[in-house]
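Colleague: I am new to this structure and would like to learn how to read it. Could we take strand pairing, then charged side chains?

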Amino acid sequence: MRRFLQDCCSITVKAMQGFCRIVARFRRYDVRAMYVLSRTSALEFWRSPESGRRHFDPLPTDKAGRAVLDDDALRAIHAEGLCAHCSTPVHLAVMEARLRKEVAGVVAHVRTAPVVPGSMLKVSSGIAVDSPASCFIQMASCWNLAQSIALGFEFCGNYSLPANGGDGFFKRPPLISSRQLSGQIERMSGFNGRPQAQRCARFVLDGSASPMETALVMLLCLPPLLGGYGLPWPQLNYRVNYSSIARPMVDKRWYECDEYWADAHVAIEYDSDEFHVGSERISEDSRRRNALASLGITVISITRKQIMDAMALDKAAHQVARLLGKRFQHGADCMTPQRRDLRRTLLMTTR
């Protein structure tokens with residue numbers, strides 16, 4: 001009997017040890033499926049109001065390596081309320097071709113490049129999304145240069161276009177800085193679209209406040225071969241502190257110039273139809289310009305109507321160029337094929 005009890009105890013101990021090893025393995029490697037929003041679905045997520053309200057932690061690389069696609073994918077995305085922002089089909093990333101399968105309402109994209117830390121961000125316990133930099137690379141692989149550069153301005157700016165492609169835009173904090181965007185793209189070797197994204201990121205500035213401000217600075221400053229006028233790049237929404245002399249003219253201690261060239265003391269103010277109408281607003285704008293003039297800053301106002309009119313914008317561009325000490329080629333055509341294409345890309349979709 002004693003031998004029998006000893007054998008039973010030995011078997012029980014070994015069984016418990018085996019069970020503990022299995023539990024430890026499951027704790028170390030969480031087998032829960034991870035669904036990663038990618039491409040268009042990632043872009044729609046970053047264009048949702050939620051993207052500006054939360055901080056998203058990087059997804060650990062071991063969990064990123066388990067991105068899968070199965071029949072529960074849409075159910076999990078619905079449970080998180082993400083389908084309100086994502087159109088159909090939903091685009092998900094998988095890490096291996098064997099994990100790709102036919103699921104109604106879902107398109108799978110095989111990620112062949114190595115997982116880079118920070119390239120995926122955690123939304124919830126079972127949902128992740130490609131980071132803004134990763135999303136930027138993916139969109140650059142299928143968009144033209146101007147569209148991709150404008151997306152970079154949006155991600156690094158203080159606004160977002162709506163996820164559903166509707167009219168207007170809404171305010172939100174920047175998703176990433178232009179320096180972070182370039183740095184993260186540099187680390188993502190092997191990603192399809194990376195060379196194009198690297199080229200586009202060189203032209204992206206921080207701080208744009210609206211799609212029309214983005215269109216204006218791109219039209220003025222992109223190289224002529226890309227359709228711009230080749231003016232030096234300004235600082236966007238640059239803060240100018242009023243001196244004791246200028247302060248009595250205005251109610252604020254500082255003012256943000258939409259576009260500012262510090263070396264030349266030249267500023268552009270974009271006068272939108274929405275924010276610069278009415279007698280009170282016109283009077284305030286006049287006081288602000290006088291205050292900036294007292295600081296030696298020349299202010300040029302450019303309206304939406306001027307931007308939409310190629311000839312009017314051409315005159316404004318020449319005016320800015322003279323103030324910056326830059327000369328255009330004599331007799332240069334204001335409507336080159338490259339400029340026509342750039343205007344079509346930026347202004348056909350700009351509200």
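Modeller: This is a predicted model. Strands of a sheet pair through backbone hydrogen bonds, either parallel or antiparallel. Here, strand β10, residues 266–271, runs parallel to its partner β11, and six bridges join the two.

Colleague: Which residue in β11 stands opposite Ala267?

Modeller: Val299 is the residue across from Ala267.

Colleague: In what order do the strands of the open sheet come?

Modeller: The order is β8-β9-β10-β11, four strands with mixed pairing. Two of these are edge strands, β8 (235–241) and β11 (298–303), and each has pairing on one side only. From one strand to the next, the twist averages 45°.

Colleague: Which strands does helix α12 lie across?

Modeller: Helix α12, made of residues 310–324, lies across β9 (254–261), β10 and β11. Relative to β11, helix α12 runs at about 165°.

Colleague: Now the charged side chains. How many salt bridges does the model have?

Modeller: Side chains of opposite charge can pair when their charged atoms come close. The count in this model is five salt bridges. One of them joins Arg344 to Asp341, with 2.9 Å between the closest N and O atoms.

Colleague: Where in the chain do Arg344 and Asp341 lie?

Modeller: Both belong to helix α13, residues 337–347. They are three residues apart, which is about one turn of the helix.

Colleague: What is the distance between the closest N and O atoms of Arg54 and Glu50?

Modeller: In that salt bridge the closest N and O atoms are 2.8 Å apart. Arg54 is partly exposed, at 37% relative accessible area. Glu50 has 19% relative accessibility and therefore counts as buried.

Colleague: And which residue forms a salt bridge with Arg194?

Modeller: Glu186 does, and the closest N and O atoms of that pair are 3.8 Å apart. Here the arginine, Arg194, is buried, its relative accessible area being 16%. Glu186 is partly exposed, with 49% relative accessibility.

Notes. Residues numbered from 1 in each chain as written. Predicted model: local features only at pLDDT ≥ 70, side-chain atom pairs only at ≥ 80, totals over all residues. Heavy atoms only, no water. Pairing = 2+ DSSP bridges. Axes fitted to C-alpha atoms, helices over the stretch in contact; angles between N-to-C directions. Contact = heavy atoms within 4.5 Å. Salt bridge = Lys/Arg side-chain N within 4 Å of Asp/Glu carboxyl O. Buried < 20%, exposed > 50% of the residue type's maximum accessible area, 1.4 Å probe, protein only.
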